[in-house]
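Here is a short report for a first look at this structure. Keep the model in view as you read.

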Amino acid sequence: MLSARHLPILAFIAVVIGVQFLAQLTGKEFFLTQLTMTAYYSLVIVGLCVLMGFAGQISLGHAGFFAIGGYTSAVLTTLDLMPQRERTFIALLVKLKVIGVRPDLYGGTVLTIHPWIACLIAILLTIVIAYAIGIPVLRLKGHYLAMATLGFGTIIYSIVLGTQRFGAADGISNVPPFQLLPGLSVSGASGARIQNYYVAWGLVVVAMVLLGNLIDSRVGRALRSIHSAEDAASAMGVDTARYKLNAFILSSVLAAIAGVFLTHFNGSIGPSQASIMKSVRYVAIVAVGGMASLWGTLLMGSILNFLSLRGYFGIFDDAVFGGILILIMLFSPEGILRFNLIGIAKQFLHRVQGSKDAA
Amino acid sequence: MFIELFLQYLVAGLTYGTIYAIVGIGFNIIYNTTGIINFAQGEFVMLGGMTAVTLYGFMPLPAAILGAVLITMVIGALIEITFIRWLVKPTVVRMIIITIGISILVREAALCLWGEGVRSLPYFSGNEITALAIGEVRVSPQVLWTLGVCTVIVILLNIFFRFTMLGREMRACAANRDAAALCGIPTKNMVTLSFILSAGIGALAGCVVSPITYTQYNIGTGLAIKGFTVAILGGLGNSMAAVAAGFILGILESFSIWVMPTAYKDAIAISILLVILFVRPSGLFGNREMLRLKEF
C-alpha cells in the first residue's frame, strides 16, 4: 500500500542508492567515508529537530549526549577483563557471551564486552541521564533553558577532558569494530566502505520513518501545540511536561546511537565530539533546515556536514557555521528552504517609508 | 599556616569574583534594556584584553587601555546596529541563536587576527614577583588594581543610573519599554547605549585582569557562562546583587581546588548555575513574584 506519505521516504532511499552508484562510477569511492559520517551526524540532527522544531525546546547540550553514547561504548569495548577472568561473575558473563575474546592490534588477545551489549548499556545510560537532566531542565524556558543545557554540555566536556579513564585530551582509540551480524560490521576498514555506507544511511531511513510517523500522530500534534502555546496546550489537557520530556529523551537517544556507531566507525573518539561548538553546530543546522521540517533539516544537514567533513571550509569551518546561523536567523528564521526575498524587501521598504514619514 | 592559606585562597577568589561580577553586570545592563541575554558578553572581555596588548606596542599603557576600551565600545555599538536594532519583535530563541552566532564570529575573527597564542599586558605596577605583604598574606599589586578598578566601575555605574538623565532614561526603558517610548525616550538608542556600556566595562575588566589570567582568543565562552551564573545567582537584572554573587562564585571556585582536581574547577560554576536554575530561578536576592512578570 503506497500513498503520498511514503513518497519522500522512497525518494530518499533512491537518492541514497543513487549517490553510492554515482560515487562508484566517478571513481570517488573515498567520498563514501565522509558520507557515512554525515549520516551519523544527520541522525543527531533529525532527533534535535523533533525537540527544537516540534516541541519548541532548545538544547545546546546535544554533543554531550553524543559523547555519552560514544564514550560509554568506547570504554566498555576497550576495557580488557583478561586479568579478572578467574572471577565467577566474569566467568558467568563469558558463558553468557556478554564478554568475548578478540585479538587486539598487537596480536595478543583481550577479553572485552561485546559491542551490542555496550551499545545497549550506552542507550540505557543515556535514557537515565536524559531523564534525570530533563525533569528539572525542561521546566525552564528561553534563556534559562538555553543556558542550562549549555551548562550540561560544558560539564560533560570538562569531565571527558579531565578524566584519565576517558583518555583526557587524547580521547580513546583502538575501539574495535561493531559486529552487527555475522559478516556485517561497523568499522573503518576501506573494504567495508559500501556496507558501512548502507548501514549508516539505513539507520537514517529507519529514524526518518519513525519520526515521520511520530510527528503525524497524536503525539506530534501535542508537541506542536506545546511549541505554539504551552499554556493553551496544557489547558486543553496535553500533559506538556511528559511530552517535552519524552521528546528530549528521544532526541538524546538518537544522539547517543549516532555516537556509538560513529565511534566504532572511526575506531576512536575524542573530547572535541563533546565540545560546545559541536552542539551549536547541530542547532545551526536545525535552524537552517527550518526548525520544524524533518526533510529540510536532513537535506541541509547532509550538505553542510559533508562539505565540512571534506574540509571545504578550511580554517573558517566554525566561522562558516557562525555566519550561517546569523544570516538564517536574521533574514529567514523559517529556514533556508522558505527564504522569502520579496517579503524581506517589502518589510525593508516599509521601514524606510516609515522612517521617512516620521521625519 | 592554615589561616594564611585560607586568606590566600580568599584573595584569589575575590580577584576572579570581581571579573565574574563585571561580566554579570554587563549581562544585566543589556538584559534590562532589551530583555536579551547577550551570549557574546565574554567576547567583549577578550577583545578588550587583546586590543590593549596590540595597542601597547605603539603607545604607553594607559593610552593603550583607553584605546582598547573605546574600540570595544565601537564594536559593541556596531554589533547592535548591524544585527539587533532593526529586528521587529524577535523571539527569544532567535535572539539566543543570533548572539551565539555573533560570539562565534568574533572569536574566529580574533583567531585570524591574533592567532592561538596566549598574550598578556605587563603588570600595571611592579612585576610578576612584586608582592605586598598584608599581614601574613602576600598580594600582587595587580590584584589591588583589579579590585580597585572594578569597585570604581560599580560606583560610577551606580551614579550614572541614579543621578544622570541618560541613566534614568535607561532605567525607564528597563522598567517599561512602551511607557518609556511614550514619554519620548528614544528606546532604540538606549539599547545601543546599553551595548556600548557593557562592551566598555567588559573591555576594561579584560585589560586589568590580563596580566594575571592572560588573554586568549577563546576565553569568552567560559567567562560568559560564569558571568551568566553570577547574573542568575544574584537575580537577573539586579547589578548590585551580581557583585555579591560574583564574590560568592569566585571564592567557591577558589576553595574547590582544595577538594577537587583543578580540571573540574569549571564544573563548580556550572553546577551552581544548574542548582540555582532548578531551585530558585529568581536568584539569591531576587523576588519570585517579579520573576513571573518578566518575559524571558
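## Two helices side by side

This is a predicted model. In chain A, helix 2 packs against helix 10 (residues 240–266) at an angle of about 170 degrees, and their axes lie 8 Å apart. Angles over 145 degrees count as roughly antiparallel, so helix 2 of chain A is roughly antiparallel to helix 10 of chain A.

Which residues of helix 2 of chain A meet helix 10 of chain A? Among them are T36(A), M37(A), Y40(A), Y41(A), L43(A) and V44(A). G47(A), L48(A), V50(A) and L51(A) also take part. From helix 10 of chain A, the partners include A247(A), F248(A), L250(A), S251(A), L254(A) and A255(A). They also include I257(A), A258(A), F261(A), L262(A) and F265(A).

## The largest nonpolar core

The largest nonpolar core has 187 residues. Five of its members touch the most others: L43(A), V44(A), A258(A), V286(A) and A287(A). Helix 2 of chain A, residues 31–54, gives the most to this core, with 17 residues.

Take A258(A) as an example. Neighbours within four places in sequence are left aside here. A258(A) is then in contact with Y40(A), Y41(A), L43(A), V44(A) and F66(A). Of these, L43(A) and V44(A) are also among the core members that touch the most others.

## Where chain A touches chain B

How many residues of chain A are in contact with chain B? The count is 32, and they are in contact with 29 residues of chain B. Three helices of chain A each supply at least two residues of the side that touches chain B: helix 6 (142–162), helix 11 (276–289) and helix 13 (317–331). Helix 6 of chain A gives the most to that side, with 13 residues.

What is the make-up of the side of chain A that touches chain B? Its residues divide into 22 nonpolar, eight polar and two charged.

## Chain B as a whole

Chain B has 12 helices and two strands. From the N terminus on, its elements run α-α-α-α-β-β-α-α-α-α-α-α-α-α. The radius of gyration of chain B is 19 Å, close to the 19 Å that the globule rule gives for 296 residues, so chain B is as compact as a globular protein of that length.

The C-alpha atoms of chain B fill a box of roughly 60 × 50 × 35 Å along the principal axes. Of the 296 residues in chain B, 50% are buried. Among contacts in chain B with a separation of 6 or more, 75% join residues 24 or more positions apart.

Key: Residues are numbered from 1 along each chain as its sequence is written. Chains are lettered from A and ligands numbered from 1 in the order in which they are written. This is a predicted model: local features need pLDDT of at least 70, side-chain atom pairs count only at pLDDT 80 or more; totals for chains, interfaces and linings use all residues. A nonpolar core is a set of buried Ala, Val, Leu, Ile, Met, Phe, Trp, Tyr and Cys residues joined through C-beta atoms within 7 Å. A residue is buried if 20 or more other C-beta atoms lie within 10 Å of its own, exposed if 12 or fewer, and partly exposed in between; C-beta atoms are placed from the backbone. Helices (H or I, at least four residues) and strands (E, at least two) are DSSP runs, numbered from the N terminus. Two residues are in contact if their C-beta atoms, placed from the backbone, lie within 7 Å. Ala, Val, Leu, Ile, Met, Phe, Trp, Tyr, Cys and Pro count as nonpolar, Asp, Glu, Lys and Arg as charged, and the others, Gly among them, as polar. The radius of gyration is taken over C-alpha atoms; the globule rule is 2.2 Å times the number of residues to the power 0.38. Axes are lines fitted to C-alpha atoms, for helices over the stretch in contact, and angles run from 0 to 180 degrees between N-to-C directions. Angles under 35 degrees count as roughly parallel, over 145 as roughly antiparallel, 65 to 115 as roughly perpendicular and the rest as oblique.
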